[in-house]
Amino acid sequence: MTSTSSARTDWEQRVYDRTGSAVLEVDLPRVSGLRAEAGVGHVALSWDAVPGAAGYLIRCTWPDGLAEVLDHGGSDVKPVAATRFALTGVPDGAEVTVEVAAVAGADLPSGEWSEPVRAQTRTGDPGVVAVRTDLSGPARPLDRPWAMVGSERLSQLLLGQKEDHGHPIAAEFLEALRIAHDELGVRQVRAHAVFHDDLGVAQRSPSGDLELDFSKIDHIYDTLLEVGLRPVVELSFMPADLARDPTETVFTYQGHISPPRDWGDWYELVRGLASHLVARYGAPEVANWPFEVWNEPNLAVFWTGTQEDYLRLYDESARALKDVDPALQVGGPSSAAAEWVEALASHAELTGAPLDFVSTHTYGNYPLDLRPALARHGFDRVPIYWTEWGVGSTHFGPIHDSAFGAPFLLSGFASARGRVDSLSHWVISDHFEELGRPPRLFHDGFGLLSLGNLRKPRYWAVHLAADQGGSLLDSELTGDGAEVLVQASTTLHDDGTVDVLVWNGTINAGLVAGDPRLDRRLKIEVSGLDHPAYAAELARVDEAHSNIVRLLPPGTDWPDEATWEELRCADHLHLEQLPPVRPADRTAEVEVVLPMPGVARLRLRPEGP
């Protein structure tokens, strides 16, 4: 292990360095139809879709003459996927000039900028945002892209009784995985470092032969399967005895990041793992496990080779897996910031290399539309897995433990609907040691769950998403901020219970503490109700509700036992029982005040026959 301070310094110095890559050219038309509508505290932008675009850059010129492409407060991906957007953080009275350009990929040149429009906010009362749903309208099955989740390296399950500030790491980590399965509907877990040396998978004998041992992996995967989870097998890092340069590492646990000295050794390692897994768990089971080649090879901090080296790594991995069983799934590029997707698809098209799924990552933004890029190379039907995604990419960043992430996650799930197969939140637990163990209980860690498995606001957002009914209905939203700030998902359960899940958020991380101008009054209207009366319940997630973080006394790094007991007693979703709803003409109305950031769920449960 390297020291926490040296690992953090190394990370901060190298994380933004990109591995060199070939530049692909894709011509896209100029964006047309850009419109700007003044709203209270924001400007609602919309434009016409551009065929072949993965997303759109937004450039603002401010009154002082500064022109900037929005990065949403620090997102690693600047383009947005949708053709409507809430421009927030604009001072009242300031006029801003806006232009939009289409991009074919996050790492590809943009098209021509649109004609500019001028915009400014308006002041005064924003009025009411109406959310209307007719239960007699068409319904479709609800997509559940949150069924995959990210995790710290799974060797934490082998730590026995090792403790972190009084918390048994292995036991709490396992409990976090069970919570993910039982309460969030998670079915797959993706983690780093299945080939890390702490699992002892590959060593050289004194004679120089490669010796493979998968016994510790067996223990880990047996445990996952017992919980009900299947692994996403991320093929990384490089075992030290195979690494071209064993001195090149990342994180406190020193994952080796150089290409192999001998490509044949890598092939034998991957083939050996696949053969072992098929023999132990059966080919039909392992065919359900995606094998993802490496992690973020487009970042120099994770891969010291070139893009060409990565494509060689991909080819050797794919060949090894398919030599064991053609049904095994292989994919990548597992890249940071949605890069290299088109490069890998182009390579697979030209060489015939298998590409069973595509995986990539982003933070602080919603997933881009990768279908056009894949379609250009004949892979328009392969699954798309965003195997890392979250509200922010910075370790210990102040956004992680705030309520800001709750509506952000729900907006991401809604954005993914119908075009992304998995949107994997990174990560499930604050038992996480990339840059060292947690320095205090609420340290703005990536986890949905804290040490001790307290549920953060982001956790409750995923819980509310998972707790929806199975049938999704259309919701019509009107009013100031509708569809760009305030969004909704209305679902129907088999027993007739209706859930209207509504959230108010922005991707502008500069507003992590909120903006009172963006708070909204809602009128939720549900028609087509069949029962004479409904029990009504309101769940809330915001700064003041379902927010365990605010209950820790200021200045407290680690709670004493009495404070722990208070936190555990308060670790629940905030629920309000409303007066019974008696529909008039089969229609019910409920009014709610929703802050930004904030989430509310209205649940109507039938009473009587």
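Let's start at Arg586. Arg586 sits in the loop between strand S30 (574–581) and strand S31 (587–594). Helices (H or I, at least four residues) and strands (E, at least two) are DSSP runs, numbered from the N terminus. Arg586 has a positive phi of about 65°, although it is not a glycine. Most residues other than glycine have a negative phi, and most peptide bonds are trans. At 44% relative accessibility, Arg586 counts as partly exposed. The cut-offs: buried is under 20% relative accessible area, exposed is over 50%, partly exposed is in between, with a 1.4 Å probe and protein chains only.

A word on the source. This is a predicted model, where local features need pLDDT of at least 70, side-chain atom pairs count only at pLDDT 80 or more, and totals for chains, interfaces and linings use all residues. Residues are numbered from 1 along each chain as its sequence is written, and side-chain values use heavy atoms, with hydrogens and water left out.

Now the whole chain. There are 11 helices and 32 strands. The radius of gyration is 25 Å, close to the 25 Å that the globule rule gives for 609 residues, so the chain is as compact as a globular protein of that length. That radius is taken over C-alpha atoms, and the rule is 2.2 Å times the number of residues to the power 0.38. Buried residues make up 59% of the 609.

Next, the loop between S19 and H6. Trp294 lies there. Phi of Trp294 is near 70°, a positive value in a residue other than glycine. Is Trp294 buried or exposed? Trp294 is buried, at 0% relative accessibility.

Asn295 is in the loop between strand S19 (290–293) and helix H6 (307–324). Asn295 is buried too, with a relative accessible area of 0%. Which side chain does the side chain of Asn295 meet in a polar contact? That of Arg190, at 2.9 Å. A polar contact is a pair of N or O atoms within 3.5 Å; within protein, one must be able to donate a hydrogen and the other to accept it, and residues adjacent in sequence count only if both atoms are side-chain atoms. Not counting residues up to four places away in sequence, Asn295 touches several others, including His192, Glu234 and His361. Contact means heavy atoms within 4.5 Å.

Last, two cis peptide bonds. One runs from Gly332 to Pro333, with omega near 5°. Pro333 lies in strand S20 (residues 329–335). Another runs from Trp426 to Val427, with omega near 10°. Val427 is in the loop between strand S23 (422–425) and helix H10 (457–466).
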